[in-house]
Structure formats: structure tokens, C-alpha cells
Amino acid sequence: MENPEVAVSSCSAHDDENLCSYKRHLSVSQEGLLEDQLRRKLKFFFMNPCEKFWARGRKPWKLGIQLLKIAMVTIQLVVFGLSNQMVVAFKEENTVAFKHLFLKGYMDRMDDTYAVYTQTDVYDQIFFAINQYLQLPNISVGNHAYEKRGAEETALAVCQQFYKRGTICPGNDTFDIDPEIVTDCLYIEPMMPLLDNTTVGKHNLNFTLDFHRLVTVQLMFNLKAINLQTVRHHELPDCYDFTLTIVFDNKAHSGRIKISLDNDIAIRECKDWHVSGSIQKNTHYMMIFDAFVILTCLASLILCTRSVVKGIRLQREFVSFFLYYYKKEVSFSDQMEFVNGWYILIMVSDVLTIIGSTLKMEIQAKSLTSYDVCSILLGISTMLVWLGVIHYLGFFQKYNLLILTLRAALPNVMRFCCCAAMIYLGYCFCGWIVLGPYHVKFRSLNMVSECLFSLINGDDMFATFAKMQQKSYLVWLFSRIYLYSFISLFIYMVLSLFIALITDTYETVKHYQQDGFPETELQRFISQCKDLPHSGRYRLEEESSVSLFSCCNG
């Protein structure tokens, strides 16, 4: 790049204050000196950590902290994951236990098919659940107990919802109905353990159902338990509140009343507890470790923020110099080279880790019970920490191919995916409205999307074809055309084009790696600086280097 002749010009109305001051105070020799300094500063900025160490003896603190952070955050995640698994397992096992306790004749994996078909069976199911609730302290093998409000135990509520008024005569094809829903509830207080031959039934409860108007019956009650298995893993136990709802669903009035049990679980801090042994000491050790993780992430956040700010300042300095010295605007792509996206990713990871670690400490201290929120924060932060290491692998040419391919292909891939998404959504809506009533995999838009995405990957093809009901020949024929066309279009065309797009970018990047990448104006400007990291020029300028405009302010 040839240096243009330097002309001393007066300030125009369009020049900013820095440039005007720069023009008034800068001599020709100063311009040449500052241009060399700027090139050297830019070359140092884009060096890898090893080259920076050779150039100025700066220790790669960010790299060291990232490696330390990977180990610490991963250990923290594993420890919390094992604890969270016990929480999830306790929730799931209690839900299964409640289904076996309160649903008559329930067997595992019957959730989709568990239903009753006669009025007698409905009453039997309702009174069976009531009697099991009243005898719970005597029959449950778990540490379940009734919820207490003050000195009294909460009652079980039996609520039926039905149409306010209705006269239905299917034989005459006539009906007269008021669609307003009325709710009527019956409350049953927990009592002393019942005798073996004593049960609650229709004879001692004023409870009847009008099945022609009945919409739903709900049995709602609250139970409590303590998760003691965490004691064996040196953790303080949690107290659990279970809000159970048994629903008898008769909305369809089809002769089949579906029965389901929903368990809404809340984890609370135990009010009064005492555990003998070293659990408290282990908890304190883990909290100290979490605090050290927070400090490490704070150090990483400060260093990365400092680097990003330095990059933005250097970008402004380079843009101003280029505008004055070469009378040219710096391209947007060259300006974005100064903004290191990897550092921003690491900063986001640090913030999430700090928040997640704080929540984890609160959970260990039993001040909070937000296991799901904490697991999401720690999971995302750990993923970003590991992704951030790719930044340092990218300094080596053999490891940089994946990063360069992804960065080069991303714009074209995004445009391609937008076009493919239009076709995909069209198939989703069409499949849902046409095949939904006849195929279990097309009952909702979410299920349709999952089914079609599985077909693109070649999963479960035969089952998708085989499960199509043949009640309507026209719909069955349409399903064949629909599925064959979708599979052919997306597997043989869309997916192949997508792979070809990535492959083409990969070949281009590989060719550039062998023959050299096209140079941008920024790279051409920096390439004129021939000083090597070992030359010592960078050490001399570390203290004496001045900003492009700093000499103009004196």
C-alpha cells in the first residue's frame, strides 16, 4: 500500500474535533512515527497468547484462567448434576407410587389407556382413592403425611363440574343444554385410621353424579414428604409438598372416562432439622468451592471486558487514522475484526456461572429450592465455557478449519434454512389438519414437527406409515402422497443441498488455507509491519507508545 503525500490542510466544518486537533499539531515525521506505531499496535493486538508473551513478556492470564475455569465449572456441574438427579428421581418415584396408591388396578405404562367405561367403575375409582387417602399413614411405605395448616390437617376435595342444565335424548336426536359450567365440591377431612371393615362409600357420603351433564370429576389433596436419601451423599434433605389432582375426564361424553393423576411438586426448606455427623462441614466445603468459582469467573469477566474495551478503542483509533490519512472509510467487516465474539461468549458464560453458582450456594444453604433454574444456568454456562476454548485452538491452523468453515458458511446456511423452513411449515400445517384425526403422531403441531424432523433423519419411517388409520380411503391415499413427497423432497433434495453447501464452503476454506486467504485492507495495513515478536520493538513501545491523538491534546 503506497503512502499518499502528506498535505497540511486547514480544518473544515466537517472535521471532528480530534481530527482538527490532529491536523493542526501533527508534523510529517510524527505522522510516519504514529503510522508505524499504529501498525505495530494492531499487529500486537491480533497476536496469539504465545506471540504476545514473546513480544512483551505478558503472561497469558486469560488462557490460564479459562483452563482453570473449565476444570472448576465442570466439577461444579457434575456435583450439582448428581444432586439434581436424586431430586428428579425422588419426584418421579413418588408420582409412580401415588398412581399405584390412589388409582385402582393401575399398572405401569397405562397412562394413555387408563380409563373406565361404566358408572359403577367410576364410583369404585372415586371411593377407592378416598379410602386410600384416609388410610395413607397405615398403607404407605414412604414417609408421606397430610399437609397441616396450623393444627388442622387439610381436607381432600371432591369437585365435580357439570353443565348447569341439560336434557339429552340421543334416541330422538334432541337435546336442550345450558353450556355454563357449575362446580360442586365435597370436602373430606382426614380422620383416625379406619377399621379393616370400614370404608367410605355412597352409603355414608351424599355424593351422586349425573353422567349426562358431567364434564369432569377432580379429587384434590396435599401431601408432604422428606427426601432422606440425600443424607447418604452428605447433603441436607429437602422437604416436599405434593399437590395431587386425580381427574376423571368426561368432556367428550364418548362412553370412555379417562383417568389421570397430576402431581405438582414444590420443594421447600425444612423448618426444624438436625443431622448428626459431618454433613454441615461438607456443605461448607462445597460453598467455599462455589465461592472460588465465582471469584475465578469475576476475574475472567474483568479480563475479557478489558480486552473488548481495548479492541473498541483501537477500532476507533484505526478508523479515524484511516479516514484522515487515506481519505477512506473502513469497511464494516474490518471494523468487526476488532470486536472479539469469543470474548463476548466467555463474558456471557461468566455471568451465567456467577448467577448459577450463587443459586447453588443458596440451595445448599436451603434458602432456595430452584433446582431447575440453577441447572439451566450451570448447564448453559458450562457449554459456553467449553465452546470458548475453541478460540484458543483457532490459533493453530490445523484446528482452525472447523471454525473458519462455520463462520464462512453461516450466512448462506441461514438463508437456506429460512427458505427450507417455509416448505417445512407448510407440510406441518397440512399434515396436522388432514392427518391429525387419523394418526397419533399428527395430533398437535408440536407432534407433527417432531415426527417430520424424525423422518428427515430417517427415523421411524415404517411405523409412521403403518400407524395411519384406514377409516377413510381418501385420507389414507393422501397420507401416502404426503409422506412420500415429504421424504423425497427433504432427504433427497433439501438435505443434500444443505450438505453440499457446507462441503462447498469447506473446500473453499481448505483451498484458501493452502494458497492464502484474500487480504482485507486491515490485513494489508498490518502486513507492512515486519517486526517479529522476538524483535524487542514491542517491549520498547509498551511504555512509550502513545495514542494516535494523545499528542494533540497537550
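The protein chain in this predicted model has 17 helices and 9 strands, taken as DSSP runs (H or I, at least four residues, for helices; E, at least two, for strands) and numbered from the N terminus. Local features need pLDDT of at least 70 and side-chain atom pairs count only at pLDDT 80 or more, while totals for chains, interfaces and linings use all residues. Residues are numbered from 1 along each chain as its sequence is written, and side-chain values use heavy atoms, with hydrogens and water left out.

Of the 554 residues, 40% count as buried, that is, under 20% relative accessible area with a 1.4 Å probe, protein chains only. Among contacts (heavy atoms within 4.5 Å) between residues at least 6 apart in sequence, 73% join residues at least 24 apart.

Now for one buried spot. Asp-290 sits in helix H7 (residues 279–325) and has a relative accessible area of 0%, so it counts as buried. Leaving aside residues up to four places away in sequence, Asp-290 touches Gln-76, Ser-357, Lys-360, Met-361 and Gln-364. With Lys-360 there is also a side-chain to side-chain polar contact at 3.0 Å (N or O atoms within 3.5 Å, one able to donate a hydrogen and the other to accept it; residues adjacent in sequence count only if both atoms are side-chain atoms).

Next, a helix pair. The axes of H9 (residues 341–364) and H10 (residues 371–388), lines fitted to C-alpha atoms over the stretch in contact, come within 8 Å and cross at roughly 150°. H9 is therefore roughly antiparallel to H10 (over 145 degrees, on a scale from 0 to 180 between N-to-C directions).

Conventions: Buried < 20%, exposed > 50% of the residue type's maximum accessible area, 1.4 Å probe, protein only. Parallel < 35°, antiparallel > 145°, perpendicular 65-115°, else oblique.
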